[in-house]
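Please open the model in a viewer and keep the selection panel at hand.

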Amino acid sequence: MAAPGENLRIDGQRLWDSLMDMAKIGPGVAGGNNRQTLTDADAEGRALFQSWCEAAGCTMGLDQMGNMFAQRAGTDPDALPVYVGSHLDTQPTGGKYDGVLGVLGGLEILRTLNDLDVKTKHPIVVTNFTNEEGTRFAPAMLSSGVFAGIHTQDWAYAKTDAEGKTFGDELARIGWRGDEEVGARKMHAFFELHIEQGPILEAEGKDIGVVTHGQGLSWTQVTVTGKDAHTGSTPMPMRKNAGLGMARILEKVDEIAWSHAPHAVGAAGHIDVYPNSRNVIPGRVVFTVDFRSPDLSVIEDMEAQLKVEAQKICDDMGLEVAFEKVGGFDPVAFDEGCVTAVRNAAERLGYSHMELISGAGHDACWVNRVAPTAMVMCPCVDGLSHNEAEEITKDWAAAGADVLLHAVVETAEIVG
């Protein structure tokens, strides 16, 4: 298939203006966004996106999970569409670019092709997946997971938020529950543009990350049980300090991750201490160990090491320990053809680039199960994300969208 010419570029200012306009909806308290899934702000953001898509001549599809599909027609009615997109929902203290860049970068592709009257054989569809963040309704990537057959729709509909409201009821309440069967759409390919959410591209001075793999993830909930006791009157030799046991286990978690450098990582982000009183030795702690690696055998080894080391620590301290696998997914290897299209686009356009392994989960990780998929990443300042101070430059956004444009258009095949 013919490659698009290097002069084919998006309108960087128009993309930036769209990002800033979307950021006005669901503003945060510190310059970012709080546009959590299935809130009124989410509904307003969806309506703005739909109005832009319709102005670009697209037809909008909506499935029963609220996933949005804006389609630009191709010349071959039998050709499967090339999909592109990400998500519009944010963290409670989220930035203006996480997810949103991928959706509006996709929209900018369609606007650019319209401007230049470029036709493609395959239709191009821009997608907004519902509830990628998973903050209000766990787990993350919920709707793309249903789309890919990982979760059932009924299970997803029954998920509840902190107030006990269900996903299904809230989707209906905001008016964005469609009739289309989830996962019925077949894709020729899928591309997702995203900010890196890490520091590597900026540190290496690269414009573009060519994402070859997504890290696998393992969440193990560990419960350590000792004995509540007075911190002042209990002699040191007679203590069963669950908090100290946790501290020693977490030191081992760090050692285990380091033993598989450079790509493995590990830590505990969720920690509950009971009774959590200043003058009571903790009698029980519950924490979740998060291990990640692009190699499944490494994840399995880290899980096994955790159980052996934690059991030994607790046995030596007279504590009890229990383990429960509470989440995870296998590493992802993105489609070689789609990855090559991204790499070739960066080279053709003269952007500096490097291969990356995504440290975060993305909708593309689930879509990869049902269609050839790849990701494009651009830098973000200091690698900061899931924070209102998240920042990128207009040039970084434009470069990422340019590469996305070329990869998508080459795959969708220019006609004429």
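Predicted model: local features only at pLDDT ≥ 70, side-chain atom pairs only at ≥ 80, totals over all residues.

Residues are numbered from 1 along each chain as its sequence is written, and side-chain values use heavy atoms, with hydrogens and water left out.

**The largest pocket**

Begin with Leu217, Arg292, Gly359, Ala360 and Gly361, which of the 48 lining residues are the closest to the centre of the largest pocket. A pocket here is an open set of points on a 1 Å grid over the protein atoms alone, where a 1.4 Å probe fits, with protein on both sides within 12 Å along at least five of seven lines; lining residues have an atom within 4 Å of a point. The space in this pocket is about 1,400 Å³, a volume being the space filled by probe spheres set on the grid points, which are joined across faces, edges and corners. Next, colour β8 (216-225), β10 (265-274), β12 (284-293), β13 (320-329) and β15 (353-358), the elements that give two or more residues to the lining. Helices (H or I, at least four residues) and strands (E, at least two) are DSSP runs numbered from the N terminus.

**The annotated sites**

Select Asp98, Glu133 and His386, which an unreviewed UniProt entry annotates as "binding site". They are spread over 289 residues of sequence, yet their largest C-alpha distance is 9.6 Å. The lining of the largest pocket includes Asp98, Glu133 and His386. UniProt positions follow the numbering used here, feature names are shortened, and annotations may be inferred rather than shown by experiment.

Centre on Asp98, in the loop between β3 (82-86) and α3 (100-116). Its contacts (heavy atoms within 4.5 Å), leaving aside neighbours within four places in sequence, include His87, Glu133, His194 and His386. His87 is placed in the loop between β3 and α3, and among the residues it touches are Asp98, Glu133, His194 and Asp363. Glu133 lies in the loop between β5 (124-128) and α4 (142-147).

Are these residues buried or exposed? Asp98 is buried because its relative accessible area is 4%; Glu133, at 9%, is buried, and His87, at 0%, is buried. Buried means under 20% relative accessible area, exposed over 50%, and partly exposed in between (1.4 Å probe, protein chains only).

**The nonpolar cores**

Select Phe49, Leu101, Leu104, Phe191, Ile392 and Val403, which touch the most other members of the largest nonpolar core, a set of 97 residues. Such a core consists of buried Ala, Val, Leu, Ile, Met, Phe, Trp, Tyr and Cys residues joined through side-chain atoms within 4.5 Å. Helix α12 (residues 394-412) gives the most to this core, with 12 residues. Another core, of 21 residues, lies apart from it and includes Val253, Ala264, Val285 and Cys314.

**The cysteines**

Cys314 is buried, at 0% relative accessibility. Finally, select Cys380, which is in no disulfide; the nearest cysteine sulfur, that of Cys378, is 7.3 Å away. The whole structure has zero disulfides, a disulfide being a pair of cysteine sulfur atoms within 2.5 Å.
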